[in-house]
Amino acid sequence: MSAATTRSRTPDRLCAEAVGLARTAAEEAAAPGVVGEHVDVVVEGDRVVTHLFECKEFGYRGWRWAVTVARASRAKVVTLDETVLLPGPDALLAPEWVPWSERLRPGDMGPGDLLPTDAEDLRLEPGYSGEDTPPPNSVVSEEMAELADTEDAELTVGPPAELTVVPERGSIASVAEELGMRRARVLSRYGLHVAADRWDEAYGAKTQMAQAAPATCVSCGFLAPIGGSLGQAFGVCGNEFSPADGRVVSLSYGCGGHSEAAVMPKPPRPAPPVIDETRVDPFPLRPAADSGSVPSAPDGTEDLGHS
């Protein structure tokens, strides 16, 4: 250890004794009654010492007033260097600043809020722009352009997002709009993967609901399919009693509201009556006299009817 290092760790006597000068400087920088007791003396270097005082300012718990004093070589007068307010070991500090793009969470947007999208957002890629070199048989090739001019068709120059009027019939923009391609940017492969991971984490096979489900959504009648490449792994739940109603769910997700999980049995139906139509059973119009259903009439008398 060198002599210079040893001297730097030993506080200068005159600088260490200048507590009053340091307190006066701290009280001039702070409001009256804010500077508290003397806490410590820190050696900054040869003949350079920092005096620390407690800070009684509301909202600055654990902070300390730091007053640095110094003395020139072979001088007997201590001079003031600087006065600052510094946090102590147990100081109450504000959280580290985070950009708004990293602080934003799903659900933070409200009515009227606008969320700007970065021009270099990796989740998006250019859609139809018209800037790519068309193939020879394309409608925007030079040969087809000359033919279009002959037939009074207009070729729109520039991306469709910059159009301010409805494209005329026969223009490239009108064809793109008819095919649903008139968007400045579309989801990139990275954007599709990020969305798929987010949806699978919320309503996927690894959730507790899916683990306890009797079957998966791929066989559920309430699943509404979606188009595009995401339709191979996701759909929209249409069961109002499901916790995922109206949300994009993975085909491997499931819940107790599966359409085929517990089908209620139908009430039993009685068997149809058996009628033998191959034979005829004769039935008399009047009961037989000896059947016992009516009293026997005397001999020689006729059947009595109503008078």
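Reader: What joins the side chains of H51 and H38?

Author: A polar contact of 3.1 Å joins them. The term needs a pair of N or O atoms within 3.5 Å; within protein, one must be able to donate a hydrogen and the other to accept it, and residues adjacent in sequence count only if both atoms are side-chain atoms. This is a predicted model, where local features need pLDDT of at least 70 and side-chain atom pairs count only at pLDDT 80 or more, while totals for chains, interfaces and linings use all residues. Residues are numbered from 1 along each chain as its sequence is written, and side-chain values use heavy atoms, with hydrogens and water left out.

Reader: Why is H51 called buried?

Author: Buried means under 20% relative accessible area, exposed over 50%, and partly exposed in between (1.4 Å probe, protein chains only). H51 has 0% relative accessibility, so H51 counts as buried.

Reader: What else does the side chain of H51 approach with a polar atom?

Author: The backbone oxygen of C15 lies 2.8 Å from a polar atom of that side chain.

Reader: Why is P243 called partly exposed?

Author: Its relative accessible area is 45%, and therefore P243 is partly exposed.

Reader: Which residues does P243 contact, leaving aside its neighbours within four places in sequence?

Author: With contact meaning heavy atoms within 4.5 Å, P243 is in contact with Y203, M209, Y253 and C255, those neighbours left aside. P243 and C255 are twelve residues apart in sequence, and their C-alpha atoms are 8.0 Å apart in space.
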